[in-house]
Amino acid sequence: MGSVRKASAWLGLVDDSDDERYYDDDYAEGPEPGDSWVTNPKVRVADETAQEQGTRIATVTPDGFRDARGIGELFREGVPVIVNLTGMEPNDAKRVVDFAAGLTFGLRGSIERVANRVFLLTPADYQVLNGEPTGRTNGGFFNQS
């Protein structure tokens, strides 16, 4: 195919059905029914490895109180859950926080407020560490005055 014909085909002026050297039958069929489609194959590998090692953290942004069940199921499996309630109505957000507090109490976990209307639910075998170093003095490294 010449360069003029390629340009015309790219612009849609002519039919380029004569040139099928780039057509791949496997690609046209799409993924297998059981496969989850991801843009980066490393993501699937990382997810499978994280599930095997038990090192997953879930982030949930519920739309309403009916999404609280998903939070409870993840937490019951031993997965720490970050719950972002910033997009919810205040009354529903309060109900989700009450549910999460009861959930963590019943399963001996902990709940911590990370930011305004964002909470971290951690199972009993996790420990949340404070990011502040213990022996910091005033006038540290970044104090240039």
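An open sheet of four strands runs in the order β1-β2-β4-β3, with mixed pairing. Two strands count as paired if DSSP finds at least two bridges between them. β1 (58–60) and β3 (110–115) stand at the edges with a single partner strand each, so one side of each has no neighbour in the sheet. From one strand to the next, the twist averages 20°.

This is a predicted model: local features need pLDDT of at least 70, side-chain atom pairs count only at pLDDT 80 or more, and totals for chains, interfaces and linings use all residues. Residues are numbered from 1 along each chain as its sequence is written, and side-chain values use heavy atoms, with hydrogens and water left out.

**Strand pairing**
- Strands (E, at least two residues) and helices (H or I, at least four) are DSSP runs, numbered from the N terminus.
- β1 and β2 (residues 81–84) run parallel, joined by three bridges.
- Val-60 stands opposite Val-83 in β2.
- β3 and β4 pair in the antiparallel sense over five bridges.
- Glu-112 stands opposite Leu-120 in β4.
- β3 and β4 form a hairpin with two residues between them. Arg-117, in the turn, has a positive phi of about 65°.

- α5 lies across β2, β3 and β4, running at about 140° to β3.
- Contact means heavy atoms within 4.5 Å. Axes are lines fitted to C-alpha atoms, for helices over the stretch in contact, and angles run from 0 to 180 degrees between N-to-C directions.

**Helix against helix**
- α4 (residues 68–76) and α5 (residues 90–106) pack at about 20°, with axes 10 Å apart.
- α4 and α5 are therefore roughly parallel to each other (angles under 35 degrees count as such).
- Ala-68, Ile-71, Gly-72 and Phe-75 in α4 meet Val-96, Phe-99, Leu-103 and Thr-104 in α5.
- By class, this contact has six nonpolar, two polar and no charged residues. Ala, Val, Leu, Ile, Met, Phe, Trp, Tyr, Cys and Pro count as nonpolar, Asp, Glu, Lys and Arg as charged, and the others, Gly among them, as polar.

**Confidence**
- Mean pLDDT (the predictor's confidence in each residue, from 0 to 100) is 76 for the protein, and 60% of its residues reach 70 or more.
- Over residues 34–43, pLDDT stays under 50. The model has five contacts beyond four places in sequence for residues 34–43.

Conventions. Parallel < 35°, antiparallel > 145°, perpendicular 65-115°, else oblique.
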